[in-house]
Structure formats: C-alpha cells, structure tokens
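Biologist: I would like to learn how to read a protein model. Could we go through one together, feature by feature?

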Amino acid sequence: MTTDRTEDPMSTTFTCVHGPTSTQLFVRLATLLNDFNPAHYDLEFAQSVGLPGVIAPGTLLQGWLLADVEAQIGGAAVGASPHRVREIDLRLRASFGPGDLVEITYERDGDRLTATALLAEGSRGTAGTPVATATIVLGDLLVER
Amino acid sequence: MTTDDDRSPVLAAGLNVIDPWLAVEYARVLGIENPLYTDEHAARAAGFRDVLVPETQLFLASRVGEAGEAPRDAVGLPEGYNAVVTGIRTEYLRPVEAGQTFTVRVRRLPSPVAPTKRVREFHLLQYELTDVDGHVATRLELTIAEFAA
C-alpha cells in the first residue's frame, strides 16, 4: 500500500491518496487495535450481515487523517511536540474493501480542516463513491512533564 | 461533546495499558513519522516516560474489561459482531504515554440517529480515558449501527 500526497505548506487545500488496501492491512490493524470484528476479515460473515464483502475498519480512515495532517501541517521531522490535533470527527458514509484506493481532500481554514474521502480511480469499487467526511480541529495538547 | 454537567452514568470501567511496541508498530503501519511516537529515546529526551500513543490508536482503549472486551451487557451492545462503527468523534486533551496504565470509563449516550430498515438501532458510546496522573486525556464517542436480524 502506498500513500501519495500533494504537499504545499502554503496551500489551504491538499489531497492524499491511500491504497490499494488489502485484507492483510485490515488484519494487521485489527491486531494493533484489538478489534477483531469479523466484518474486517471474514468474507462469509461480512456477506451474512448484508455487506458486499470484507470491509475496512473505520479506524483506518482515522489513522490516515492523523498521518496526513502530520505530513502537511508539520511536526513529523522536528518531533519536539505531540501532534497538533485536538479533535477528529469522522463520519463514515460507505464501506470500502481490499483493492480500493481512497482519495482524501482537505480544505483548511485556520485551525480547522474539513476532509472528504472518496474512492479513487483504480479502485475495485466505483471511483468517486463518497466514503467519509471528517472535521479536524488543530491545537496544542496540554503537556506536563 | 458531552461535558461534566450532562453526563450519563458510567456503565463500565476498567484499566488499560498500550504496549510501546503496539504504539510504534501502529505508527509505522499508518506512516506516522513524528519521533515522539516512534522512538522511545526521543520521547524520553522530550520529557515523556515512553513513546506517545498515536491519537487515533486510542480506539484501542475501548477494549476494557475481561478478555479485552467492553462488557456488552453493561453498555447495551448486542452479543456478537452484528454491528459496525459508523462514526468516531474524538477529543484529544493530553498526550497518552505508552506503557502507562490509564482508566477507561464507558457511558451510553442518547442515540443520535433514528433506526432505519437495515439498522435496528444506532448506539452512542463514550469512552473517557484518564491518564496515570489523574487527568482526562481523551474523550472518544463511537456511533455503532446494530443491523436488523
């Protein structure tokens, strides 16, 4: 899986493309989050509850949001401070599965970003399908050392 | 986000610790490069006890109780996995250090969405993490869609 970003620190809009995803990634995340919902790795179960197939966990999108903001807003290279993310409000619109690519477009207005995630070209699913929306609020975490 | 003035009762509570290896591996898988989250030496040099847990990995904190699961009877979730998370809203207040024990309190909040033909009920659960120093570090709200039979 790869991540492509258009990075311009002066821009108020930037786009990141993640994927293609895989069942291996879903299982790896399940382990790292102790979230073994079989909808994320068991095809028979996923179909039994009406899903089109195995689906990615929503927390994958959440992680991409954090990584994208880190890469674009800064803080990765210096590392002197924690991430400047105070709030993430993620609303999942449609599922995506193995082989899909997700394109996330961010629009920044001061310390607030809105993100729109769509299936990208080359996905197994229909390109342009809305996957999720998110609002991200930036700010410094309280640190006492 | 709910405040101290309008809280529902705590339905479940427990302790949790996120192993530093898990935090570093999660950062690697997601492509997070800030060394405070990937390098224990950098984190300690910055005054932290160990690497920081990537904020979005704190979803892991919802796994409390016996066998790593939130007591489903207590929080009103159905048995089994006939449910999917449809919304994750998280407020990050303080960094969470890996390897440190934190307390998780689970509350059930009024459902934000009416049922549909496919979804029997939307559950809204709040997980409040209190760090080893007694400070609330994170509040996480999960909206969970329970599928109709």
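Predicted model: local features only at pLDDT ≥ 70, side-chain atom pairs only at ≥ 80, totals over all residues.

Modeller: Gladly! Val27(A), Phe36(A) and Tyr41(A) make up a nonpolar patch on the surface, and together they have about 240 Å² of accessible area.

Biologist: Where does Val27(A) lie in chain A? And why can Val27(A) count as partly exposed?

Modeller: Val27(A) sits in helix α1, which covers residues 23-33 of chain A. Its relative accessible area is 36%, and the partly exposed class runs between under 20% for buried and over 50% for exposed.

Biologist: What does the rest of chain A look like?

Modeller: Chain A has three helices and six strands. Read from the N terminus, the order is β-β-α-α-α-β-β-β-β. Of its 145 residues, 48% are buried. The accessible surface of the chain is about 6500 Å², with 49% of that belonging to carbon and sulfur atoms.

Biologist: How much of the contact in chain A is between residues 24 or more positions apart?

Modeller: Among contacts with a separation of 6 or more, such residues account for 62%.

Biologist: What should I look for in the backbone itself?

Modeller: Most peptide bonds are trans. In chain A, though, the bond joining Gly19(A) and Pro20(A) is cis, with omega at about -5 degrees. Pro20(A) belongs to the loop between β2 (13-19) and α1.

Biologist: Now for chain B. Is Val119(B) buried or exposed?

Modeller: Val119(B) is buried, because its relative accessible area is 8% and the cut-off for buried is under 20%. This residue is in strand β4, residues 119-130 of chain B.

Biologist: Which residues does Val119(B) touch, if I skip those up to four places away in sequence?

Modeller: They are Ala145(B), Glu146(B), Phe147(B) and Ala148(B).

Biologist: How do I read charged side chains?

Modeller: The general idea is that side chains of opposite charge can pair when their charged atoms come close. Over all chains, this structure holds 13 salt bridges. One of them is between Glu97(B) and Arg49(B), whose closest N and O atoms are 2.5 Å apart. That pair links distant parts of the chain: Glu97(B) is in the loop between β2 (83-92) and β3 (101-109), Arg49(B) is in the loop between α3 (40-45) and α4 (72-75), and the two are 48 residues apart.

Biologist: How covered are Glu97(B) and Arg49(B)?

Modeller: Glu97(B) is buried, at a relative accessible area of 12%, whereas Arg49(B) is partly exposed, at 36%.

Biologist: Which partners does Glu128(B) have in salt bridges?

Modeller: One is Arg107(B), with the closest N and O atoms 3.9 Å apart. Glu128(B) is in strand β4 and Arg107(B) in strand β3, so this pair ties together parts 21 residues apart in sequence. Another is Arg139(B), at 2.8 Å from N to O. Arg139(B) lies in strand β5, so its pairing with Glu128(B) ties together parts 11 residues apart in sequence. Glu128(B) counts as buried at 3% relative accessibility, and Arg139(B) is buried at 11%. Elsewhere, salt bridges with shared partners join Glu87(A), Asp89(A), Arg91(A) and Arg89(B) into one network.

Biologist: What about Asp131(B), which is buried yet has no salt bridge?

Modeller: Its nearest side chain of opposite charge, Arg94(B), is 5.1 Å away, and a salt bridge needs the atoms to be within 4 Å. The side chain of Asp131(B) does reach the backbone nitrogen of Asp133(B), at 2.9 Å. Asp131(B) is in the loop between β4 and β5, and its contacts beyond four places in sequence are Arg94(B), Thr101(B), Phe102(B) and Ala137(B).

Biologist: Which backbone atom does the side chain of Ser8(B) reach?

Modeller: The side chain of Ser8(B) reaches the backbone oxygen of Arg108(B), at 3.1 Å. Ser8(B) is in the segment before β1 (10-17) of chain B and counts as buried at 18% relative accessibility. Leaving out residues up to four places away in sequence, Ser8(B) touches Arg107(B), Arg108(B) and Leu109(B).

Terms used. Residues numbered from 1 in each chain as written. Chains lettered and ligands numbered in written order. Heavy atoms only, no water. Patch = residues over 30% accessible without salt bridge, like charges linked within 9 Å, V, L, I, M, F, W, Y side chains within 5 Å. Areas by Shrake-Rupley, 256 points an atom, 1.4 Å probe, with all protein chains shown as cover. Helix = DSSP H or I, 4+ residues; strand = E, 2+ residues; numbered from the N terminus. Buried < 20%, exposed > 50% of the residue type's maximum accessible area, 1.4 Å probe, protein only. Contact = heavy atoms within 4.5 Å. Lys, Arg positive; Asp, Glu negative; His and termini not counted. Polar contact = N/O pair within 3.5 Å; in protein donor to acceptor, adjacent residues only side chain to side chain.
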